[in-house]
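Here is a walk through one structure, taking a few charged pairs and then a sheet. Please keep the sequence and the 3D view at hand while reading.

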Amino acid sequence: MPIYTPLLNLLKKVVGIDPPTDKFNIQTMMNDNWDKIDAAMALQGVDGDVRVATTANITLSGLQTVDGIVLAAGDRVLVKNQTTGSQNGIYVAASGAWTRAADADSSAKVAAGISVYVRAGTVNGAKVFSLSNAGAVTLGTTALTFIQTSGAGLDADTVDGMHASDFLTQPTIITTGQDLNNLTARGMYYSNSNSVSTSVLNSPTTNAFSLLVERHAGYKQTLTEYMNDGTARTWTRNYYSNVWGSWYRVWDGRAMGSGSGMNADMVDGYHLDQDVRTTATPSFKGITVQGSVGNITLASSGAGLGFSRADYNYIYASSVGGGLVFNVNGDTTSYPLSPLKLSADYSVKTKNNTLDDGNGVALFRRGSSTTEFLKLFTDDIYSTIEKSEGDSATGSILRLRIISGAGGTPVTVDALQLDGNGKVWTKNNTLDDGSGYASFKRMDAVSTSALLSVLSRSDSGTNAATEYRTTAGGVFVGNADGTSFGVAADANINGAKFKVNKNTGDVSSAGTFISTVGTAGGGKIHFSMRPSTGGGGRFQFGLIGDENNDNTGSNFALWAYNDAGNSVITALSINRSSGAAAFAGNVQAAGTILTTAGGAGTGSFTGTALIFNRASSNYFQASAAGGYLNFTVNGDSGTDANATLRLAADYSANFRSKVVAPMMTDGNSFKKLVGNVVFAASTANQKADIYFPASTPLSGYVDVTITGSWNVVNGIGRLTKRFTFVLSNSGTVSAQETRYTEAMGGVKSQIAISDLSWDSSNSRWRIQIAKIGTSTGAETFTVIVDGGATSSTHAASFMAAALGSVYTTDTTVFPAPKVTLPDLAASMVAKPTSISEFNVTSASLAQFLTASFVPAGNYNAMIYLRVTAATTVSVSVNYADATGAQSTVVVSAQAFTAGSYSLLPVFFNANANSNIILLASSSVSGAVKVSASILGV
């Protein structure tokens, strides 16, 4: 009988044992054995190299980022963390769905023990993973488990999941001067002598100690100090948020009570032996008395109740309706006997209405025995404030009465009385401190002893009806008819140095207005202008700036204020030394602004613009013969050499550098940047007009140039068409000749320019710009016109060229641009066109190479593919020959696996000025790179 080999389990016939007559099917044996050999070799055939390995469950599709690496199509990926373990394995990344790698895509190719090296990745780079499944594997059904067998991060020193370093080691001796803040490694430490402990930093003791360091979110240190009496004390502290906490003593049976230094017997911050009755100076945040009768007793001699808060201190009844009663002289809770009662209606009541310290210093009384309301004592003199009813004319009277008891018999003087009509009396109508410093008197003659006297006169009209005199000699006078008020040397109003007319408000002064009053705008106000409706000043002017004895400072300033009286701005300032005036806002002049005659005349403006608003001509004028104008910029000084533009006396314009202008003309020749036209994406029949006015006949030549925006390949290049014509202003073309003079880049396949024609709808001349190709994105093109005209009038019309809006209503098809050079057309030779490694991302045919406006002739298209993952590919070549548009299919929906391919060449004949377009598609985005060339043959 045949037997099986021990290693690969191959079937074989045993020579000399099996009977010669034993039938044996050699074909069956060979097929079975080769299957087993192939499976065995597959175990050795897995390519043990991947770019990255997963770190979490992922979606098995798309070019995603795995372990910090952005995948490209064709990258091999070890998938080992899927939630569904049967999905694990080796895959090839693609823009679409991923597939298992060819060397690991069947059960026979995947078995326990295969190892995979990971080349890159933040977590798994440079690591080796092995398949650890012990039993047979059914790919797609069996959950595959990969474990790390090599590389960084292996826990080779672990025992039951713990590193050797996780076990406590032998205690470490603390050395002299060591800092406990630096001991953060988990373990035991000890100081074996008091002399060492004395030098240790950040320790709570100078005794020998042992230290235990533990880890949590930070660190914990527990220190046990050993006392000379054989006892021990324990301390602890924590390190958290980068800060060591303070050491705290641990309370135990031997660390408590008096002398322990511990406050563990405190309640709300106070020791239990701090009784209010026995402690001399207790300190509390507050005392609350409970029940219907609550007492606070101060028993010792001289005891007091003190309050030490730096702000308000309170004794208060905390219930609504509660009051406070103060008793003395042994009285306890007797309300009637209380000398002071504070009631809930906020009134204060005393037993005998007297506040008195025993010496009669302060007294309040009420009753019929006396009329004093307030009596203030000072030795033999006291004052009272009294209220009496007075009579019907005066009403109640409030008196300030001074009573002197000197000499035995009291003398009473009513110093001041106020009656019910608001009148005030003094004893002799004098306010005087005994030295004549202040007095009011009514008299018929001038009092020279008073600082201020009020007099009434009845002199002639030239003299005052009322005088206010001071001992300094000044006289404040008023007219007899009351129309004027002023300041004079005597009573004559006509000689007043300062006078105000009360009817007109006119102010006249023989001297100068001088003020040193400050203003919110800075400086000193000398004059304020206020609105007629009252309120604060709206404009104020004065001087600003300190003087330095060098003719500087004290400059003129005009300040503006808002309605609230707040300074808004310094509207005008004039420098006293230079005379320079600075305006904060615009300067408007109805006439001419002149600079200094002779020398350098300079006008300075700190605003943004110099504006002229005349409806007719406005001028910058050099008014002297030979004068010229310089314009400088960039902070340059005002010299001829620095002038960016100089308008010379010979009427020339001299520029320091280049001249940049969107349009320019010297009379007959002209050039103008007309503007930009934007054509939308994927839109047919797009056109825009360059139009000219038809007010006058036009004759000359014009070059219309279109340049691309260079934002896409189709927008690259430059296209120019030249026009020569004679036009009437009625829409008649007398003569016209046109041709393209330049056609470069992709723009020549996107834009065509019409001949000049009459736009009857708008009564103007126009040249149409047509978008003859379409693109996937919007494209911008710039339009420039330049040329020459037969007169300056015609040139002005060309300079009025403008762009209209894009429209799609005109379906006229314009021929593609073609540079007309008949003498060179016959010698034109096709130029090779090629592309390399174009990434095919579209599932439908898309253009990847174009040869535009080729000469007529024979061509050869050569196409090469590099496929990185299984995909379906289509390729075609489009062109036009004598029979019309043609499309040659090179491959159509053909399946390709990873590899390189050279497609059959395509030979064809193409018409002159036609386009040759190569297109390709791939069912898997990014799985195909195409290279191609188009050659003339």
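Is Arg 866 buried, partly exposed or exposed? Arg 866 counts as partly exposed, at 34% relative accessibility. Here buried means under 20% relative accessible area, exposed means over 50%, and partly exposed lies in between, with a 1.4 Å probe and protein chains only.

The model is predicted, so local features need pLDDT of at least 70 and side-chain atom pairs count only at pLDDT 80 or more, while totals for chains, interfaces and linings use all residues. Residues are numbered from 1 along each chain as its sequence is written, and side-chain values use heavy atoms, with hydrogens and water left out.

Side chains of opposite charge can pair when their charged atoms come close. A salt bridge is taken as a side-chain nitrogen of Lys or Arg within 4 Å of a carboxyl oxygen of Asp or Glu. The structure holds 12 salt bridges. One of them joins Arg 866 to Glu 837, with 3.0 Å between the closest N and O atoms. Because Arg 866 lies in strand S61 (residues 857-867) and Glu 837 in strand S59 (residues 833-840), this pair ties together parts that are 29 residues apart in sequence. Strands are DSSP runs of E with at least two residues, numbered from the N terminus. Glu 837 is partly exposed, at 38% relative accessibility.

Another salt bridge links the side chains of Asp 703 and Arg 722, at 2.6 Å from N to O. Asp 703 belongs to strand S52 (residues 698-708) and Arg 722 to strand S53 (residues 718-727), so parts that are 19 residues apart in sequence are tied together. Asp 703 is buried, with a relative accessible area of 8%, whereas Arg 722 is partly exposed at 34%.

Asp 105 and Lys 109 also form a salt bridge, their closest N and O atoms being 3.1 Å apart. Asp 105 is partly exposed, at 38% relative accessibility, and Lys 109 is partly exposed with a relative accessible area of 27%.

Next comes the sheet. Strands of a sheet pair through backbone hydrogen bonds, either parallel or antiparallel. An open sheet of 4 strands runs in the order S60-S66-S62-S63, with antiparallel pairing. Strands S60 (846-854) and S63 (884-896) stand at the edges with a single partner strand each, so one side of each has no neighbour in the sheet. Two strands count as paired if DSSP finds at least two bridges between them. Strand S62 (residues 871-881) is joined to S63 by 10 bridges, and the two run antiparallel. Thr 871 has Phe 896 in S63 as its bridge partner.
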